[in-house]
Amino acid sequence: MADAPITQDVLTIPRKLPEGPVNLVGMTRAAMREALIAQGTPEKQAKMRVGQIWQWIYQWGVRDFAEMTNLSKAYRAQLAETFVIEIPEVVSKQVSTDGTRKWLVRIAGGHEVEVVYIPEEGRGTLCISSQVGCTLTCSFCHTGTQKLVRNLTAGEIIGQVMMARDDLDEWPVPGAPKDETRLLSNIVLMGMGEPLYNFENVRDAMKIAMDEEGIQLSRRRITLSTSGVVPEIERTANEIGCQLAVSFHATTDEVRDKLVPINKRWNIDVLLEALRAYPRGRNSERITFEYVMLDGVNDSDADAHRLVKLIEGIPAKINLIPFNEWPGAPYKRSSNNRIRAFANIVYQAGYASPIRTPRGEDIMAACGQLKSATERARKSRKEIAAEAGLS
Ligand code: SAH
Ligand code: SF4
């Protein structure tokens, strides 16, 4: 007899925890509630317990159940038997002459990703990674030369923020007056990987970052950068609600196909249509168009004019990124004069066009230079060239 399909009424499935210690970091509130019930917390108390534990972890930065003093000693011991509160481990840290910090952190399986902190006047931005490597092969991007090893879990994504707060010594002290200035005030998903190809984990992690009883970053201070995964753009608005940046980088499909090969799947027109539909909470919220300045490739006056024409009607700011060179890169950075001339055309058309100052160049912490030295799985030059249509 053929095996009958196994069916079970969902209501009768016992709540079961996996073998071994279970990490609470990265769970949604609903998932944490389920986990606590499975561990033996009475259902009636579960919501309140989640609230208490959540605050210890995300508001105060506590990693040890013993410190959760509003829980009974017996309950703390029970929790410690089943759960852990773990974040990625710091392998190394470099500090640039301009104050930029770059950490290499190790995640389960021994993989490593990079996290960068950029201090600015009265604020600071943390650039976090969403994947080890990337499935895409943008021809100017160092991460793009590395195969996708795996997606990061929600815990590993929010864990980067917690790690940085540890290193910046920025967890509030209970009872101390609230300090409104924050060293880590903004998050950008602009490290390694394509965040929209790891949607659920990125969403769950950013929900934790925004949670009112935890890290409390406003959705306006979180920016997700995508190469243009069109079907997930609307979901980003609906399910995360953060700010959006798009790696635009070219003004014709011919050039964009080479620079950002995902353009062959969703071209400039299709991408712009999705961006026009991106809902905004307030009028002041604009979509950031990232535009890497590559000498002789996409940096002409004609490109600048085409760019402003293309994005007409979209509330936008254009972020010009001087290309950050990396060993073996097939492009050169546009000259400063060229970048200024380009910026001027964009500005004249009525768009803010900040030129991004490369930060942490001496420690290879600048945008697009991140690539873990430990991963040996490389895409071959041929693979990259073929994908980008450069061969
Ligand atoms: N995968 C996402 C986010 C990570 S890359 C994306 O592509 O948008 C973050 C930004 O750095 C993107 O705009 C990317 O195009 C840009 N970038 C990549 N390599 C770069 C380099 N070598 N110099 C300057 N910017 C680069
Ligand atoms: Fe991946 Fe973004 Fe680099 Fe393209 S630019 S290869 S999408 S990380």
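## The chain overall

The protein chain exposes about 18,500 Å², and carbon and sulfur atoms supply 51% of it; areas here are Shrake-Rupley values with a 1.4 Å probe, and for residues only the protein chains shown count as cover. This is a predicted model, so local features need pLDDT of at least 70 and side-chain atom pairs pLDDT 80 or more, while totals for chains, interfaces and linings use all residues. Residues are numbered from 1 along each chain as its sequence is written, chains are lettered from A and ligands numbered from 1 in the order written, and side-chain values use heavy atoms, with hydrogens and water left out.

You'll find 11 helices and 13 strands in the protein chain, taken as DSSP runs numbered from the N terminus (H or I, at least four residues, for helices; E, at least two, for strands). Of the 391 residues, 51% are buried, where buried means under 20% relative accessible area, exposed over 50%, and partly exposed in between (1.4 Å probe, protein chains only). As for contacts (heavy atoms within 4.5 Å), take those between residues at least 6 apart in sequence: 66% of them join residues at least 24 apart.

## Ligand 1

Ligand 1 has 21 residues around it, and the closest are Gly193, Ser225, Ser247, His249 and Asn324; a residue is near a molecule if one of its heavy atoms lies within 4 Å. That shell splits into 10 nonpolar, nine polar and two charged residues. For the bookkeeping, Ala, Val, Leu, Ile, Met, Phe, Trp, Tyr, Cys and Pro count as nonpolar, Asp, Glu, Lys and Arg as charged, and the others, Gly among them, as polar.

A polar side-chain atom of Ser225 sits 2.6 Å from an oxygen of ligand 1. On the nitrogen side of things, a backbone N or O atom of Gly193 is 2.8 Å from a nitrogen atom of ligand 1, and a polar backbone atom of Phe140 is 3.1 Å from a nitrogen atom of the ligand. On its own ligand 1 would expose 540 Å², and the protein buries 96% of that.

## Ligand 2

Around ligand 2 sit Cys134, Leu136, Cys138, Cys141, Gly144, Gly193 and Ser227. By class, this shell has four nonpolar, three polar and no charged residues.

Helix H6 (residues 230-240) buries Val230, Glu232, Ile233, Thr236, Ala237 and Ile240. Looking down the axis, these fall within an arc of 150°, so they line one face of the helix; the arc is that of the directions from the helix axis to the C-beta atoms. Glu234 and Asn238 are exposed on the face turned away from the buried side. The cover over the buried residues of H6 includes helix H5 (199-210), S10, strand S11 (243-247) and helix H8 (268-276). Just past H6, Gly241 has a positive phi of about 80°.

H8 buries Ile268, Leu271, Leu272, Ala274 and Leu275. They span an arc of only 160° around the axis, which puts them on the same side of H8. Asp269 and Glu273 are exposed on the other side. Cover for the buried residues of H8 includes H6, S11, helix H7 (253-259), S12 and helix H9 (301-310).

## Some loop residues

Asp211 is in the loop between H5 and S10 and counts as buried at 14% relative accessibility. A polar side-chain atom of Asp211 lies 2.8 Å from the backbone nitrogen of Glu213. Beyond neighbours within four places in sequence, Asp211 touches Arg29, Trp54 and Gln216. Gln216 lies in the loop between H5 and S10 and is partly exposed at 26%.

Most residues other than glycine have a negative phi. Gln216, though, has a positive phi near 55°, and phi of Asp169 is also positive, near 55°. Asp169 belongs to the loop between helix H4 (154-168) and strand S9 (186-189) and is exposed, with a relative accessible area of 68%.

How values were computed: Polar contact = N/O pair within 3.5 Å; in protein donor to acceptor, adjacent residues only side chain to side chain.
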